[in-house]
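Please read the following briefing alongside the sequence and the model.

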Amino acid sequence: MSEGDSVGDSVHGKPSVVYRFFTRLGQIYQSWLDKSTPYTAVRWVVTLGLSFVYMIRVYLLQGWYIVTYALGIYHLNLFIAFLSPKVDPSLMEDSDDGPSLPTKQNEEFRPFIRRLPEFKFWHAATKGILVAMVCTFFEAFNVPVFWPILVMYFVMLFCITMKRQIKHMIKYRYIPFTHGKRTYKGKEDAGKTFAS
């Protein structure tokens, strides 16, 4: 490899101005993402606000229904990945070489680990809304289509997909919304001590 052949290098071996600019931009973006991590509710409120602005824009423009349909399918795909366990129990049924979800009351507690963590779900959903918003500025994405058919097809697809996911959850006995190990109360304290 000769001098200047690596990614972002200029002729003299130092990173080019463009490469340094985009590297710094990526660092700033990652810094903002890192700072927003603990604020789950705020992040989702902003995403819902962006979604609302997008829906108003599509309603006022009376177009870009294919983009909206694609966004809905993308969000459905993300949601299914969010509800699914990282290790599919149907694949682990025959093999004993890894962790599995508890199936009996007396088994060890294992927390639910998602295939798509909440932060990545939020990040991908927000990016999807922003990309769809940008698409509404280009007439090439405004494909004429009878939108009620798309709505009907999306609702049907949502129902079928969620039915399949719920059946999977029931069959393998997992709930994707756990908040820690269950604690059981012992006997009520009678208030009497042994010394009395």
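**Pocket lining and overall fold**

The lining of the second largest pocket is made up of 17 nonpolar, six polar and no charged residues, where Ala, Val, Leu, Ile, Met, Phe, Trp, Tyr, Cys and Pro count as nonpolar, Asp, Glu, Lys and Arg as charged, and the others, Gly among them, as polar. The model is predicted, so that local features need pLDDT of at least 70 and side-chain atom pairs count only at pLDDT 80 or more, while totals for chains, interfaces and linings use all residues. Residues are numbered from 1 along each chain as its sequence is written, and side-chain values use heavy atoms, with hydrogens and water left out.

**The second largest pocket**

- This pocket holds about 560 Å³ of space, a volume being the space filled by probe spheres set on grid points that are joined across faces, edges and corners.
- Its lining consists of 23 residues, and M55, T68, Y69, G72 and F154 are the ones that lie nearest the centre; on a 1 Å grid over the protein atoms alone, a pocket is an open set of points where a 1.4 Å probe fits, with protein on both sides within 12 Å along at least five of seven lines, and lining residues have an atom within 4 Å of a point.
- Helix 2 (40-61), helix 3, helix 5 (118-135) and helix 6 are the elements that give two or more residues to the lining.

**Fold of the chain**

- The chain has six helices and zero strands, with helices (H or I, at least four residues) and strands (E, at least two) taken as DSSP runs numbered from the N terminus.
- Of the 196 residues, 25% count as buried, a class that means under 20% relative accessible area, with exposed over 50% and partly exposed in between (1.4 Å probe, protein chains only).
- Among contacts in the chain with a separation of 6 or more, 80% come from residues 24 or more positions apart, a contact meaning heavy atoms within 4.5 Å.

**Helix 3 against helix 6**

- Helix 3 (residues 65-83) and helix 6 (residues 147-171) pack at an angle of about 5°, their axes 11 Å apart; axes are lines fitted to C-alpha atoms, for helices over the stretch in contact, and angles run from 0 to 180 degrees between N-to-C directions.
- The two helices are therefore roughly parallel to each other, a term for angles under 35 degrees.
- On the helix 3 side the contact includes Y65, Y69, G72 and L76, and on the helix 6 side it includes W147, F154, F158 and Q165.
- By class, this contact has 15 nonpolar, three polar and no charged residues.

**Single residues**

- V53 lies in helix 2 and counts as partly exposed at 45% relative accessibility; its C-alpha atom is separated by 9.7 Å from that of I129, 76 residues apart along the chain.
- S90 has its place in helix 4 (residues 89-92) and is partly exposed at 29% relative accessibility.
- Not counting residues up to four places away in sequence, S90 touches H168 and Y172, and the C-alpha atoms of S90 and Y172, 82 residues apart along the chain, are separated by 7.7 Å.

**Backbone angles**

- Most residues other than glycine have a negative phi.
- Q62, found in the loop between helix 2 and helix 3, has a positive phi near 55°.
- R173, in the segment after helix 6, has a positive phi near 50° and is exposed, with a relative accessible area of 57%.

Definitions and conventions: Angles under 35 degrees count as roughly parallel, over 145 as roughly antiparallel, 65 to 115 as roughly perpendicular and the rest as oblique.
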